[in-house]
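Student: I have a model open and want to learn how to read it. Can you walk me through its features?

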Amino acid sequence: MKPFSYERVSSPAEAAAAAARAGGAKFIAGGTNLLDLMKLEIETPRHLVDVTGTGLDEITETDEGGLRIGALVSNTALASDERVKRDYAVLSRAIVAGASGQLRNKATTGGNLLQRTRCPYFYDTNQACNKRKPGRGCAAKEGVSRQLGIVGVSDACIATYPGDMAVALRVLDAVVETVKADGTTRAIPLGDFHRLWGDTPHIETVLEPGEMITAVTLPKPLGGTHIYHKVRDRRSYAFALVSVAAVLDADGHGRVAIGGIAPRPWRVEAADAALPDVKVAARALTQGASPTDQNAFKIALVERTLAGVMAKARGEAA
Amino acid sequence: MKYTTPAGDTVIDRQRVVGQPTTRIDGPLKVTGHAPYAYERHDVAANQAYGYIVPSAIAKGRVRSIDLAEAKAQPGVITILTTTEVDELPLGMGHTVPLFGGSEIRFYHQALALVVAETFEQARAAAKLVRVDYERTQGNHDFHALAPDAPLVEGSDGPDVSKVGDFEAAYASAPVSIDVTYETPHESHAMMEPHASIAAWEGEKLTLWTSNQMIAWSKQAVAKMLDLDPANVRLDSPFLGGGFGAKLFVRVDAVVAALAAKKAGRPVKVMLDRPLVFNNTTHRSATIQRLRFGAERDGRLTAISHECTSGNLAGQEGENGIAQTRLLYAGANRYTAQRIARLDLPEANAMRAPGETAGLMALEGAMDELAEKLGMDPVELRIVNDTQVDPETPNRPYSSRMMVECLRRGAEAFGWDKRNKTPGGMREGRWLIGHGMAVGFRNSVQMKSAARVRLSSNGKLTVETDMTDIGTGSYTILAQTAAEMLGLPLEDVTVTLGDSDMPASCGSGGQWGAQNSTSGVYAACVKLREDIAGRFAMDPNTAEFIDGEIRAGAESRKLTEATASGEIVAEDSVEYDELSKKYQQSTFAGHFVEIAVDAYTGETYVRRMLAACAAGRILNPISARSQVIGAMTMGVGGALTEELAVDTRFGFFVNHDLAGYEVPVHADIPHQEVIFLDELDAIASPMKAKGVGELGLCGVGAAVANALYNATGVRVREYPLTLDKYLDKLPAV
């Protein structure tokens, strides 16, 4: 770990300003991903701005009938919030499908959106990785790639966005609220938040340097059946091979987002429109896929997982 | 004590303490965080500095130069030890390649330097600034590419091939036959505690506080590698956070700590980073195993062939997947052979039940396939092929073999007769339900083991031996043994382990620890009893030790009378000679598994598992059960998830952390049942006990694979059974 300086701030505006003031700064809240990456010197911030004192730890109701989730609300608090469990159950279910209890207690809503890929070549600093060292090449493409992405990936990088929470937020049409160093704020639809990185895989979101997430808002409840099915090799503490977040009505109409296959939670309009036709929807979701030999199974797995989710929504197969 | 003839009735047969379900006597220390594990022994030596290893970034080649300028200038750095400043260390026991020294690089994450600093963080930060200039050479990293041309393993008596009768002829004429090939992957021990050592010198005397399963072996290895008089080497390893074979032999943490401590002039501590556990230490080799069986229509095997290819660096055997096939089933015509591919990957070596774990994953899968082809119950097929003698050497009987009883008891308790009998034929909602079974088999090994016992003037007993407790329960069963022998309550016995200054035990490995280390304590206690009885002119053979007294006829004396003039010390060992040549000594289990497979996604979960085990006297049903359920859990990992993924271009295990190498989590293991059959094996040990620590693993993988076939109708012969290998063969959705 490289030496770094550290400060605590007490408001979002102060945080953004502090980050802008110090070069090479990062925000830290739960630190569950950042600290690991700093120990490996994959992340090497020169300055850490601790935002845990900024008071963004509440879930409030919006004028539009939705919820505003403060960026510092812990995964545990968010998943167990009665309003979330009742009206946005897919979110609650996605969160508890991820990490472990200890990690969810520390991890925050804003930080979770920014967790970085789990590609093993990203983590092993001896290996070529365009995400870690732009321009150095990608050792993963012809390497061990079973976990990696099949759609939205590029020649430069076939990593995935690894999280669960964001997949549910995507299906719920959540919006990310931020503040910039100059004090201006903006609202970014979650679908636009994570980039399809092309040949710049080290730039993973549309956030500008020093821009801080302050909240995530949810539109008013959608109703329907909320399902999150995460397919993985073991039953806990594993990243998704494929996950499906779905909000469906009794006929199987609705919307789905897929995790574990792309640089961001994967949602395709044509797929939603095709529901309840699983085959057509799955084809739309995996259109243009460029898998490796090792992860080509994910194409079939998307369809089969979607079919299972659909059956569950119809109450056909418990 | 020379154990040359099977024991008759002994004091142990009373089973007042031995054999009783007893919770771990070291449990409170562990759950309160007070058990001293190697890296946390802050009190044993003052002024400990922290070492951090610089690992090789390439798998094969050599070091041209190492630039330390920047690293040395970092705050807190005391010294840096580099591989090029020492000659290649001699091989210690069990080593395939040198642990340290010289400029040649033979595997990824080989230790090239150790940065020593005042704090761990300083050492780690400076280690990242050590610049190594490499000369890279292309290695052979692809096991599958090399396997077809792999030569036979050369043993001391020539190639490892065994032929009995005429396999080819019997196979060709058998009315029913199969020819199948199974594959098992490279696996990691993935124990909780990484390798760790603290080294301190006093003049020429070296002390290593370390985490090691085999203290006497390792003391000799350290002395050899560092060119020291063994009398000047002390190892202390009272607690281990698991080992599974990864700590049978000294690893690099110990030697670089010792070398750096000398260089720094102060104690140095080193723990391997988790990735180094996977790539710098040892692993179980992958295997490719071809099995051919010929059988009569009644299921009797007439021809058995098992060929296993594994891989390793030059100079060491691989995974001996055929070992159990030479012993397990009857059959007149047999062929077994072992091949080895020379791989440039980290060193393969013993991992829990080496040989049988991988071998049974193939053998017992093939038996399931044969049963199906015969239209026979898989349990009955095994029973039909039972043998009570070594099938290659029929004048060599088993000391005790209860395979059939394990299968019958297990099948009954599991409800085997109510299982799904049609592959793919049982469904509950979205779940395809399957049942599978396999035989568990693992040898019981006789090893010399010594101990010393001290009866102090207050009547309390201390047991001293360099035996280790790797989480198995050694402390407890040794205390039980001594308490039984001297008629003392368990709380009056203290057990001290893991110190090389104590009598050399059998150590922990190969499931030989329990019966041999307790037998060593038994032998020492026999001597102590003789000494005490002699003081009162009693006959030690008829005197009874009970409730802190020695009694003979109407006479009774308190043990504290015997120690009135000072403590009484006795030391002895158990040693064996011909019994293992005359008798085949093995342990047996019947493993039964029920799984559920998601018909949509192919996710496979174990729902319940049962093992019926015969392993001689069960010294402590609680710790023995704990061993077996832990092993069953490891078996589920081996069946479903565990695989070291190889980058065949660069020659390393890619998933080198506990997120990428997936061992089972609690949610994967919902229900386990263990049944111990009543068995006393007086040939195996004076305690009439055999090993059990590995038996619980042997066969589990195949039972799971057979259950997967039963659930889905899809036979997967390539472990681990991840869903990508059968998804496309599941029913359409």
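Student: What ground rules apply?

Tutor: This is a predicted model, where local features need pLDDT of at least 70, side-chain atom pairs count only at pLDDT 80 or more, and totals for chains, interfaces and linings use all residues. Residues are numbered from 1 along each chain as its sequence is written, chains are lettered from A and ligands numbered from 1 in the order in which they are written, and side-chain values use heavy atoms, with hydrogens and water left out.

Student: How many helices and strands are there in chain B?

Tutor: Helices (H or I, at least four residues) and strands (E, at least two) are DSSP runs, numbered from the N terminus. Chain B has 17 helices and 32 strands. Its radius of gyration is 27 Å, close to the 27 Å from the globule rule for 733 residues, so chain B is as compact as a globular protein of that length. That radius is taken over C-alpha atoms, and the rule is 2.2 Å times the number of residues to the power 0.38. The C-alpha trace of chain B spans about 80 × 75 × 55 Å along its principal axes.

Student: What share of chain B counts as buried?

Tutor: Buried means under 20% relative accessible area, exposed over 50%, and partly exposed in between (1.4 Å probe, protein chains only). Of the 733 residues of chain B, 65% are buried. Contact means heavy atoms within 4.5 Å. Among contacts in chain B with a separation of 6 or more, 80% come from residues 24 or more positions apart.

Student: Now sheets. What is the strand order in the open sheet of chain A?

Tutor: The general idea: strands of a sheet pair through backbone hydrogen bonds, either parallel or antiparallel. Two strands count as paired if DSSP finds at least two bridges between them. Here 5 strands of chain A form an open sheet in the order β4-β5-β8-β6-β7, with antiparallel pairing. β4 (59–61) and β7 (185–189) of chain A are at the edges with a single partner strand each, so one side of each lacks a neighbour in the sheet. Neighbouring strands are turned by 25° against each other on average, direction ignored. The axes behind that angle are lines fitted to C-alpha atoms, for helices over the stretch in contact, and angles run from 0 to 180 degrees between N-to-C directions.

Student: Which residues of helix α1 of chain A are buried?

Tutor: In α1 (residues 12–21) of chain A, the buried residues are P12(A), A15(A), A16(A), A18(A) and A19(A). Down the axis of α1(A), these fall within an arc of 160°, so they line one face of the helix. The arc is that of the directions from the helix axis to the C-beta atoms. The buried residues of α1(A) pack against β1 (5–8), β2 (25–28), β3 (47–50), β6 and β8 of chain A.

Student: Is T563(B) buried or exposed?

Tutor: T563(B) is buried, with a relative accessible area of 0%. T563(B) is in the loop between α14 (559–562) and β27 (568–576) of chain B. Leaving aside neighbours within four places in sequence, T563(B) contacts L455(B), S456(B), S457(B) and I568(B).
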